[in-house]
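Please examine the sequence and the three-dimensional structure shown here before reading on. The report that follows is written for a reader who is new to the description of protein chains.

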Amino acid sequence: MSAARTQDLADQIAELCGGLGRVQIMEVCGTHTVSIFRNGIRSLLPQNLRLVSGPGCPVCVTAQRHIDAAIELAGRDEIIVATYGDMVRVPGRRGSLEQARARGARVHVVNSARAALQLAQDEADRQVVFVAVGFETTAPATAACTPQAPT
Amino acid sequence: MCLAVPGKLVAVADTGSLTGRSGTVDMQGNRVEISLALTPDAAVNDWVLVHAGFAIQTLDEADARETWEYLKACYGDDLGSLQEAGGS
């Protein structure tokens, strides 16, 4: 985003908050919290606007041991790990799936459980493990794919 | 990307998808293939909410257009990345 657009948005936020008392907004996602800190967004906000870190979503609160297990699987020759794009950036104890991929692990980003299913069909000589962590809304899609999954 | 995005169903096929009924949605000019397994009643010209490759509900046109206005306001020229992002 350009500096001009950033300033424009900051001005709009200040204007919207101008007539209000104290405004509190909860960040619903851990990536929001990280982005806000990393980009110094708090310094652009008016005094009466306070950001509160929320509980985090199912993706960014995934237990490190699950990430570690997925990384371990992705490092095995016979296995491909497929998961959503936001999941690959969540850190475990030994880094993220994205970092493991950079070191040579087989990690595929898919944008749907169906794509993981397709990958499993295309890669018949390898096992595809779909790390299905996602929002509640992804659960039905995962369930719809499960009966078709090769066993 | 934890967003569900509205699209207009422009084609429906009873087969061809690993999960049964499939469809093509138009999202601001981009055509995307999706599964209709979770919205068995969705028909051509319906608006559906698409999340992770699946239509998860139908919605009326006014709601769909309003949602797109918000998305455009938030993402501006970066809308392409919104549709391609592989998120949950």
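## Overall build of chain B

The structure is a predicted model. Chain B contains two helices and five strands. Read from the N terminus, its elements follow the order β-β-β-β-β-α-α.

Chain B has 88 residues, of which 40% are buried. When contacts in chain B between residues at least 6 apart in sequence are considered, 39% of them join residues at least 24 apart. A separate example of distance in sequence and in space is given by B:Glu66 and B:Pro6, which are 60 residues apart in sequence, while their C-alpha atoms are 9.9 Å apart. B:Glu66 belongs to helix 1 of chain B, which spans residues 61-75. With a relative accessible area of 42%, B:Glu66 is partly exposed.

## Loops of chain B

B:Thr39 is located in the loop between strand 3 (30-35) and strand 4 (47-51) of chain B. Is B:Thr39 buried or exposed? B:Thr39 counts as buried because its relative accessible area is 6%, and the cut-off for a buried residue is under 20%. Apart from neighbours within four places in sequence, the residues in contact with B:Thr39 are B:Arg21, B:Ala55, B:Ile56, B:Gln57 and B:Thr58.

Most residues other than glycine have a negative phi. B:Asn45, in the loop between strand 3 and strand 4 of chain B, has a positive phi near 85° and is not a glycine. B:Ala52 is likewise not a glycine, and its phi is positive at about 50°. B:Ala52 is placed in the loop between strand 4 and strand 5 (54-59) of chain B. The relative accessibility of B:Ala52 is 10%, so this residue counts as buried.

## Salt bridges

Side chains of opposite charge can pair when their charged atoms come close. Over all chains, the structure holds eight salt bridges. One of the salt bridges joins B:Arg21 to B:Asp14, with the closest N and O atoms 3.9 Å apart. B:Asp14 is exposed, at a relative accessible area of 62%. B:Arg31 and B:Asp26 form another salt bridge, in which the closest N and O atoms are 3.2 Å apart. B:Arg31 is exposed, its relative accessible area being 58%.

A further salt bridge links B:Glu61 with B:Arg65, where the closest N and O atoms are 2.7 Å apart. Both residues lie in helix 1 of chain B, and they are four residues apart, about one turn of the helix. An α-helix has 3.6 residues a turn, so residues three or four places apart point the same way. B:Glu61 is partly exposed, with a relative accessible area of 36%, and B:Arg65 is also partly exposed, with a value of 46%.

## The buried side of helix 3 in chain A

Which residues of helix 3 (residues 64-74) of chain A are buried? They are A:Ile67, A:Asp68, A:Ala70, A:Ile71 and A:Ala74. These residues lie on the same side of helix 3 of chain A because they cover an arc of only 160° around the axis.

The buried residues of this helix pack against several elements of chain A, namely strand 3 (79-83), helix 4 (97-102), strand 4 (107-109) and strand 5 (127-131).

## The interface of chain A and chain B

The size of an interface is often given as the accessible area lost when the parts come together. Chain A and chain B bury about 1,600 Å² between them, and 62% of this area is on carbon and sulfur atoms. In chain A, the residues that lose the most area to chain B are A:Asn111, A:Arg114 and A:Thr137, which together account for 33% of what that side buries. In terms of contacts, 24 residues of chain A touch 21 residues of chain B.

Across this interface the rule finds zero salt bridges, and three residue pairs are in polar contact, counting pairs with both residues at pLDDT 80 or more. Helix 5 (113-122) and helix 6 (139-145) of chain A each supply at least two residues of the side that touches chain B. Helix 5 of chain A gives the most to this side, with five residues. By class, the side of chain A that touches chain B comprises twelve nonpolar, nine polar and three charged residues.

Methods: Residues numbered from 1 in each chain as written. Chains lettered and ligands numbered in written order. Predicted model: local features only at pLDDT ≥ 70, side-chain atom pairs only at ≥ 80, totals over all residues. Heavy atoms only, no water. Buried < 20%, exposed > 50% of the residue type's maximum accessible area, 1.4 Å probe, protein only. Arc of directions from axis to C-beta. Contact = heavy atoms within 4.5 Å. Buried area = accessible area lost by both parts, 1.4 Å probe. Salt bridge = Lys/Arg side-chain N within 4 Å of Asp/Glu carboxyl O. Polar contact = N/O pair within 3.5 Å; in protein donor to acceptor, adjacent residues only side chain to side chain. Nonpolar A, V, L, I, M, F, W, Y, C, P; charged D, E, K, R; others polar.
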